[in-house]
Amino acid sequence: MKRRSSHSRLGLNCRAQVKELLRNVQLPNPWSMNTFIDQLETYRQREIDLCAFLWTPGSATGAWHPYATHDVIAYAENTTPAHQDHTIFHEVGHMLAGHTPRCVLSTTEAEGAAPHLRPAALNHLLAAESHALDEYEAELIATILLAQVAKIRPHGPLQRRVEAVFQ
Amino acid sequence: MPEQDTDGEWTFAAALRHLIARLHPADRGPYSLAEIGDATGLSRQYIHQLVHGRRNAPRYQNVQALADFFGVPPNYFFDAHLAQQVDSEIATLITRREAATSEGETEDYGRSLLAQRVMDLSPHAQQAVSALVDSLRDYEQQPRTTRSRRKPEPHSDAT
C-alpha cells in the first residue's frame, strides 16, 4: 500500500505529472478530446476506448476499466461536452497517477454473489480508505488539465480569470 | 465458518464478534467499538457488553442499528442457517476482492475503477456496486472492431 504524502505535496506531484504528460502529448488546438485521446494512446502504447453510458441520479459520473491490452473510459452521454471532458480527464488522472483499480460489482453480480448483503456490507468489504485520496488526486489532475485546455480557447473574460489564478 | 460460543451455541455475541472481525475494508483492521458506536448511536460500553455476551436480549431497535451499519439482515444474529449463508457470501466477496487487486489477474471481472466527483464523497458514499458497471458490460459485449471508441464531437465550441 502506497504511503500518502500531505495534500500540498500531492498537489505538487499532480502538477509534475501533468507537466510531464504535456511534454509528450500536445493538447490539440482547436481543442478536441478525441484527438487528445488518440495522442495519449500513442504515447502510452495502449488503446483507450471511450464508452458513452446513460447517467441516472445516484450513479457514478464515469469509470475507468483497464483490460489486459486496452483501457475503457466511460462518460455520461446525457451531459454537456464540457462535463464529459471533465469526466474523461478525471479517469485519465487515475491512469496517470497509477491508481489500483478496485473491485466494483454490477448490480446483477452483487445480487448473484451476495443476495443477503446490503450496500453497506459491500462498501465495507470493497471500499478502502485510500480511495478518497485517489479521487482527490484524479480530480486535481483533471482540474489542471482543464485549466490548460481553457488557455487554448479564444481570448475572453473566462480565460483571463483562469490565467489570473495560475499566475 | 462462523465461530460459535464455548458451549457451541450460536449466540448474539458470537455473531457480532464474527461480523466485526470480517466486515471491514482490506486496507485497515476491524472497526473499533467507538467507530461502531459513532455510526449506530449506541454507546461504546453497550456494544462492549454485547460483544462479551453480557446482554443476551438486546432491544430490537439496537439490533436493527447494528444490522443496518453492517449491511446484514437483522435475523443474521438469531438464525444460524441464515448466518451461514451470509458468511459464505462475505467469503465470496473477500475472495473476489483479493483476485481483483492481485498482480497478474487475467480475468476481467469486477475490476473497474469508478470516478466520483470529490464534492459528492462522504465517508460512506463509496460505491462498491454500480449500475454503471452493467453499462460497461453491455458495451463490452459488442466486438471492439464495430463499436464506437470516441465521443461525438461538438459542432460548435461555446465557452
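Predicted model: local features only at pLDDT ≥ 70, side-chain atom pairs only at ≥ 80, totals over all residues.
Arg144(B) lies in the segment after α6 (131-141) of chain B and Asp49(A) in strand β1 (residues 47-53) of chain A, so the pair joins two chains. Helices (H or I, at least four residues) and strands (E, at least two) are DSSP runs, numbered from the N terminus. Arg144(B), at 27% relative accessibility, counts as partly exposed, whereas Asp49(A) is buried, with a relative accessible area of 0%; buried means under 20% relative accessible area, exposed over 50%, and partly exposed in between (1.4 Å probe, protein chains only). Both residues belong to a network of salt bridges that also links Asp38(A), Glu41(A), Glu47(A), Glu140(B), Arg147(B), Arg149(B) and Arg150(B).

As a guide to the conventions, residues are numbered from 1 along each chain as its sequence is written, and chains are lettered from A and ligands numbered from 1 in the order in which they are written. Local features need pLDDT of at least 70 and side-chain atom pairs count only at pLDDT 80 or more, while totals for chains, interfaces and linings use all residues; side-chain values use heavy atoms, with hydrogens and water left out.

Further pairs join the chains. Lys151(B) and Asp85(A) meet through their side chains in a salt bridge of 2.8 Å, N to O. This pair crosses from the segment after α6 of chain B to helix α3 (residues 81-97) of chain A, and both Lys151(B) and Asp85(A) are buried. Asp68(B) and Arg118(A) form another salt bridge, at 2.9 Å, N to O. Asp68(B) sits in helix α4 (residues 60-70) of chain B and Arg118(A) in the loop between α4 (107-113) and α5 (119-126) of chain A, so this pair too joins two chains. Here Asp68(B) is partly exposed at 36% relative accessibility, and Arg118(A) is partly exposed at 31%. Arg96(B) and Glu109(A) also meet in a salt bridge, at 3.7 Å, N to O.

Turning to the interface as a whole, the contact (heavy atoms within 4.5 Å) takes 73 residues from chain A and 65 residues from chain B. The rule finds 11 salt bridges across this interface, and the count over all chains comes to 17. The area buried between the two chains, meaning the accessible area (1.4 Å probe) that two parts lose on being put together, summed over both, is about 6400 Å², of which carbon and sulfur atoms give 54%.

Strand β2 (residues 62-66) of chain A has five of its five residues buried. Gly62(A), Trp64(A) and Pro66(A) point one way from β2(A), and Ala63(A) and His65(A) the other way. β2(A) pairs in the antiparallel sense with strand β1 (residues 113-115) of chain B over three bridges, where pairing requires that DSSP finds at least two bridges between the strands. Within chain A, β2(A) pairs in the antiparallel sense with strand β3 (residues 70-76) over five bridges, and a hairpin joins β2(A) to β3(A) through three residues. Gly62(A) stands opposite Ala115(B) in β1(B) and opposite Tyr75(A) in β3(A).

Definitions and conventions
Salt bridge = Lys/Arg side-chain N within 4 Å of Asp/Glu carboxyl O.
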